[in-house]
Amino acid sequence: MLDFILLIVIYIIIYSISSLGLNLIVGYTGMLSLCQAAFMGIGAYSTAVLMTAGHMDFWLALLSSGAIAALCGILIGIPTLRLRGDYLAIATLGFGEIVKNVILNWDSVTKGPMGINGIPGPSLFGYTFTSMEKLPWLFLLLFFLAATYMLIRVMIRSRVGRALEAIREDEIAASAMGINIAKYKVGVFTTGAFCGGLAGSFFAAYSQSVAPLTFDFMMSIMILCMVVLGGLGNSFATVIGTVLIVIASELPRLLGISHIIPAQMNQILFGFILVFMMIYRPQGIIGRIKLNYGKMMKDEILHMER
Amino acid sequence: MPLLYTKNLRREFGGVIAVSDVNFEVMKNSITGLIGPNGAGKTTLFNNITGLDFPTKGNVFFKGEDITELPAYKITRIGIARTFQNIRLFREMTVFENVMIGRHFRGNHPKLSRNRLVNFALGMVNLKMEEKDIYENSIKWLDFFNLLPFRDEYAKNLPYGRQRELEIARALATEPDLLFLDEPAAGMNPQETEELMATIRKIRDLGVTVVLIEHDMKLVMNICDTITVLNYGQKIAEGTPGQIQNNKDVIEAYLGKSDD
Amino acid sequence: MDLFNIPANELIQHLINGLTLGAIYSLIALGYTMVYGILKFINFAHGEILMLGTYSGYFLYYMLCDPTKGGSYVIIAFAVSLLFAMIISAILGITIERIAYKPLRKAPRLAPLLSAIGVSIILMNLASLMFGTKSKKFDYPFDNTPIHFGDASITPNQIMILVVGLIMMVSLKLFVDRSRLGKAMRATSENQAVAALMGINVNSIISLTFAIGSALAAVAGILIAMEFKVYPTMGQLAGLKAFIAAVVGGIGNITGAMVGGILLGLLETFGVVIIGIPQGLKDTIAFSVLIIILLVKPSGLLIKNRREKV
Ligand SMILES: Nc1ncnc2c1ncn2[C@@H]1O[C@H](COP(=O)(O)OP(=O)(O)OP(=O)(O)O)[C@@H](O)[C@H]1O
Ligand SMILES: [Mg+2]
């Protein structure tokens, strides 16, 4: 039982790293991306291939996986981000399909439908992490979650966050204020993709295997639900949303009734969350936190002058 | 040489010729009025100059350089700012934040602005100093418009006239050489309009060249040095307020031909 | 004439296949484009409206007759089922708009988009719960033996797809261009506020738009069902590709949707035979086309580049 709870917590943390990245894209900047799972898939497969076929060290593979996902983010972002938001939604949806198809068909590298097994666990100071011992994993992941959280926090509380807020409010006005919108959007999208890549990499290293159909459209929707449920544009809320969604999807297993409840129920729940939240509580259960940059800055300057 | 001029600028929307081969000139340190009946193409001309829209044909020159193809954010960075006919404030942001956004790109140290990321990594960008600069300048512009008491209000909660002022403050925070105002007095009462006239003169006295679209003839005739008149996309007249008031074509454009 | 070393007769065969596929895409794309024209948002649930319409037609069809027996009764039953599918889809489209989109008309752009995605997921999974994930065969109401001419052949169903597609598209175009309601639709998509001032009931026009788009999707769904099969996720990929077709033609533009659909159908077919893209990656063609179009001409082939009015 305890083991199972630890497992859920581990999933929560891995998904949180990914959903925080998505929240940066959707919540803070107002762009709809439907391929966060694909970025995770890219990260997971990069790690799997680099560590099994390439015999790369996990930490290097982790970084590479993030970087590869980020690179894909740039590639998809540059053509679409100049355009209206809906195009991004469709392009990312299409991108997700492409990633899935490529993973399925690129047999020589991804082993196609079979997936990749036997991914070694990461080692640190001579200790090797395995999915048997969950507690060390939990601390490791917690460290990375905290790092992601802080990175985003610092970014949002700076002039970057202020510019993102302006872009979300009115792109035309923001560009008339000298803000290079495309640069910020591509930057944010890339950062979000990077987070997805990291999460995917951990996913692969923890499960020690990857399968092609894991990272499908429904997983992207699940991550989107985490962001929407907690509250768009609020990192803390996103983590709460992630906790709720992961628990909700694991609840049947937790209660031992997973065989009665069909998998579709979960997805129907996600669908309802999206519709219901948009109509009745678009700000999410916790809501957006409006930073007051003017006050923040004043405090800081007073602090500086002291 | 004019500070800014367009050469045969033309903008077509499908079949509609919104701006038809217009040569428009703005002299340095002047206040230039752009008038014309509704749908004459005034806003379209603004948009084409400020990079929010691009001409079908023709060019825009600023300080002697061709800026026709530059996107909006670059236009702003070289010193042209603007306001919008239908106010486009960041409504859910505070008054102060609106002005800070105007100052956003100026926060970059001018010598380092090219490779911000690299310089940032090298520790060459002092974020704190930048922010201090943004802060102090924003205060300055809020003060200029007596908006300081409202600094923590959301922009959407300001009275209409105040919103128009805030939009100008935000534009000025970009430190422009040339400021375009699209109907700044729209929706203002006579007293507010009066104050606005004084403000515009004050802005000009700071060394900022002003171009404004306005339907309020009293305001235009009062403060403009030169006026350009558009009708159906074409420039039908330009000159001093006195010349414009007595121009036959202009009177016709506004009142319609006497025989129909 | 040998193009890329493919003999002429094979080329004609691929042309026929590409055109039929394209006609189906066009029919679906029309729904996306009409809704986008009026509400400026992507109706993500369009594919599921198609799927549910198809299922309802399917059930009625097999309730009314045994298609394997053939005969004129089967054809009548098929026609009735097709009409039924169109009606169900239309009602579904209107209902979804009323419940999930209408409250969000003034909300930020993200909101209706997310809501639409939600609706799409709910419907898709409900269908797979109720009807099972196994795909169902939809028997032809007529003898579908291919007709040969030279070395190429065409099936009666393909002929039907082309004919039905053509009739639907032409009548829709005439309706929108010529009829009073069509004019009201165009006025609404041009400017809702002005249309309302002119005495047009904007809500009814929006419902009408959803009804027509959804009914066309049901037709496309039945045609797909006969060519391929009926299954809960049938609307997903078809919908996505049709949307791409709409973007290629120029979203919001009815002729554009037709042209885009045909073009995409041809590209997919010829992409496999001429460029030699492996079957498994066939679906990537559409997405690559999307990316290229977004890069080169984001407003679509039939619309002049236009910027948002400031
Ligand atoms: N994005 C656009 N798409 C199509 N037509 C446009 C667009 N922008 C402007 N027009 C058309 O161009 C013409 C000029 O419009 P513009 O807004 O420039 O006029 P204006 O002189 O600013 O009028 P007003 O005094 O009412 O603000 C009008 O006929 C208008 O309908
Ligand atoms: Mg105007």
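Buried area is the accessible area, taken with a 1.4 Å probe, that two parts lose on being put together, summed over both. In this predicted model, begin by selecting chain A and chain B together: about 3,000 Å² is buried between chain B and chain A, and carbon and sulfur atoms give 62% of that area. On the side of chain B, select Tyr73(B), Phe90(B) and His104(B), which lose the most area to chain A and together make up 20% of what that side buries.

Next, display every residue in the contact, to which chain B contributes 36 residues and chain A 29 residues. Now show the side chains of Arg88(B) and Asp170(A), which meet in a salt bridge at 2.8 Å, N to O; the count between chain B and chain A is one salt bridge. Nine residue pairs are found in polar contact across this interface, with both residues at pLDDT 80 or more. Colour helix 2 (72–77), helix 3 (95–102), helix 5 (127–144) and helix 6 of chain B, each of which supplies at least two residues of the side that touches chain A, while helix 5 of chain B gives the most, with seven residues.

Then turn to the open sheet of chain B, where six strands follow the order 7-8-9-4-10-11 with mixed pairing. Strand 7 (80–82) and strand 11 (234–239) of chain B stand at the edges, each with a single partner strand, so one side of each has no neighbour in the sheet.

Zoom in on strand 8 (residues 178–182) and strand 9 (residues 209–213) of chain B, which run parallel and are joined by five bridges; here Leu179(B) stands opposite Val210(B). Finally, select helix 6 (residues 160–172) of chain B, which lies across strand 7 and strand 8 of chain B and runs at about 160° to strand 8.

Methods: Residues numbered from 1 in each chain as written. Chains lettered and ligands numbered in written order. Predicted model: local features only at pLDDT ≥ 70, side-chain atom pairs only at ≥ 80, totals over all residues. Heavy atoms only, no water. Pairing = 2+ DSSP bridges. Helix = DSSP H or I, 4+ residues; strand = E, 2+ residues; numbered from the N terminus. Contact = heavy atoms within 4.5 Å. Axes fitted to C-alpha atoms, helices over the stretch in contact; angles between N-to-C directions. Salt bridge = Lys/Arg side-chain N within 4 Å of Asp/Glu carboxyl O. Polar contact = N/O pair within 3.5 Å; in protein donor to acceptor, adjacent residues only side chain to side chain.
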